[in-house]
Amino acid sequence: MKEYNHITDFTHDIIIIGGGTAGLTLAEGASRLGLKTILLENKKVGGNCLYNGCIPAKNLIKFSAMYSNTVNSELYKSSMFKTPEPDIRSVMDQVNDVIEQNELYDSEERLTDLGAEVLHCSPKFLNKWQLDTGLSKDPGVSDILSSGKIIIATGSRPYIPDILGLNKTDYMTNLDFFSMNKLPGEMIIIGGGIEGTIMGQAMARMGVSVTILEQKDQILGRHDSDIAELVESALEAEGIKFIKNVTVMKVEQKGHIKTVYYKNAEGHYRGTENQLMADSLLITAGRRGNTETLKLNKAGINTVNGFIRTDDHLRTESKNIYAIGDVNGKFLYTHVAGAEASYLLNTLEMKMPGKFNYLNIPWCTYTDPGTASIGYNVRNAEKAGIKFRVAVSDYPELENSGRIKILIDSRDRIIGTQIAGPNADQLLIPSIIAFNRKLKFMDILSPVYPYPAVGAAYKSAADSIYNEKEFSLHSKKMLKFMYRYRGRQE
């Protein structure tokens, strides 16, 4: 294969495939540094988070909470007022208004003003250096782009499980959920992860009867079980039904009614005992990488479920090609995509050394109550063979209860925190700082926290492991010996 001279042969300094958060962040930074940059996108720029993910989902939870709080207030519980019916189209219009406001920050015009090119196409690799945009009007001529640095940031889409009858059944995914025009009476959700729990809670708050089917023994599988159970209990209190340890066997539709047949953990699958019926079906069974049209085999790159494997430097099997954002299948969060893009900008263009460390990345689930985490949880720490102690505190002092769980290593440093409860994302901030700066637990306990406030939960967590040592019989005996205290030492 021809060895390219990067000064004379390449058309661009950097080629970015995909215009979601990862691609936009990298394209903006590269353009600002003066690189000849081109972004290739086959749809609107903005990506899944803007149009079908975190932004609409978080706002839908907010609007559904407003409705739920209103109809459950004392004003409407009395017989004086009729409970208003939820207008799902009006709610979705408000969600779309938020999307339109955010579009200003992710616009194509903003990139081109910075000097980047934006080309709408579905590129295909010719080799690890070249891409065919497929835009040439001459059948005998290919429109070829080339670069020594090609970044794949094509994102992900819903994974559709192979369920008998599903292809003959009307169902929704996150791609069309936020275009809903009519509120269903009942909804079955297949998948109890982040998407399923958030969308399910929003529907339940607007009066929909929601059942979530989960294949594993807990929802929110990335979390420790006690954190997931706290969220599950709160959602059950709002009327959501969870059926776990199940496998969906087939789906049927008659008229507008969908019937889902499933077997439980013991393998039982018989008659009406293991079936559910609803007028709406939502699939949130995971994600799949968007790579099938790229012809990655021409570049020497393999995929698993559409996801591209990368090393600690975000490189693919072809070392001049990188994969960032959802498409590498590692940490499917918007802020992670942005962080990966910033890392590449620093390492590729500014020659800063270092590996990308996912342990340093916090992540949240915006159910209500929500969750927030950073670093190790109990399961991962045990798998890694790390010796640790766990400081746990519930914080019921406020309107809603919650839990904070902090992992501390043998040197008293915070190596991980998980939180479930109100303001979980804000409460995580001290742990984010402590974890990234390798601070000891006492470093974040020395300040005085206001009370009642959720920040006081850190002190309560510390009490759960330090009180036993500080107020032990040995300590009391030592103090009596040294200072002649008169109290009891039992």
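Predicted model: local features only at pLDDT ≥ 70, side-chain atom pairs only at ≥ 80, totals over all residues.

Biologist: Which side chain meets Glu28 in a salt bridge?

Modeller: That is Arg32, with 3.2 Å from N to O. Both residues belong to helix H1 (residues 21-32), and because they are four residues apart there, about one helical turn separates them. Arg32 counts as exposed, because its relative accessibility is 56% and the cut-off for exposed is over 50%.

Biologist: And where in the chain are the partners Glu195 and Arg287?

Modeller: Those two side chains also form a salt bridge, at 3.3 Å from N to O. This pair links distant parts of the chain: Glu195 sits in helix H8 (residues 194-205) and Arg287 in strand E16 (residues 287-289), 92 residues apart.

Biologist: Is Arg287 buried or exposed?

Modeller: Arg287 counts as buried, because its relative accessibility is 16% and buried means under 20%. Glu195, with a relative accessible area of 22%, is partly exposed.

Biologist: What about Asp409 and Arg413, how do their side chains meet?

Modeller: They meet in a salt bridge of 3.2 Å, N to O. Asp409 is buried at 9% relative accessibility, while Arg413 is partly exposed at 22%. Elsewhere, salt bridges that share partners tie Asp224, Asp226, Asp394, Arg403 and Lys405 into one network.

Biologist: Now to strands. How many residues of strand E10 are buried?

Modeller: A general point to start: in a regular strand the side chains alternate between the two faces of the sheet. Strand E10 (residues 209-214) is mostly covered, with five of its six residues buried.

Biologist: Which strands does E10 run parallel to?

Modeller: One of them is E9 (residues 186-190), joined to E10 by five bridges. Here Ile188 stands opposite Thr211 of E10. Going from E9 to E10, the chain passes through H8 in a right-handed β-α-β crossover. Another parallel neighbour is E11 (residues 241-244), which four bridges join to E10. Glu214 has Lys244 in E11 as its bridge partner. From E10 to E11 the chain passes through helix H9 (residues 225-237), and this β-α-β crossover is right-handed.

Biologist: Thank you, I can now follow these features on the model myself!

Note on methods
Residues numbered from 1 in each chain as written. Heavy atoms only, no water. Salt bridge = Lys/Arg side-chain N within 4 Å of Asp/Glu carboxyl O. Helix = DSSP H or I, 4+ residues; strand = E, 2+ residues; numbered from the N terminus. Buried < 20%, exposed > 50% of the residue type's maximum accessible area, 1.4 Å probe, protein only. Pairing = 2+ DSSP bridges. Right-handed = clockwise from strand over helix to strand, strands pointing away.
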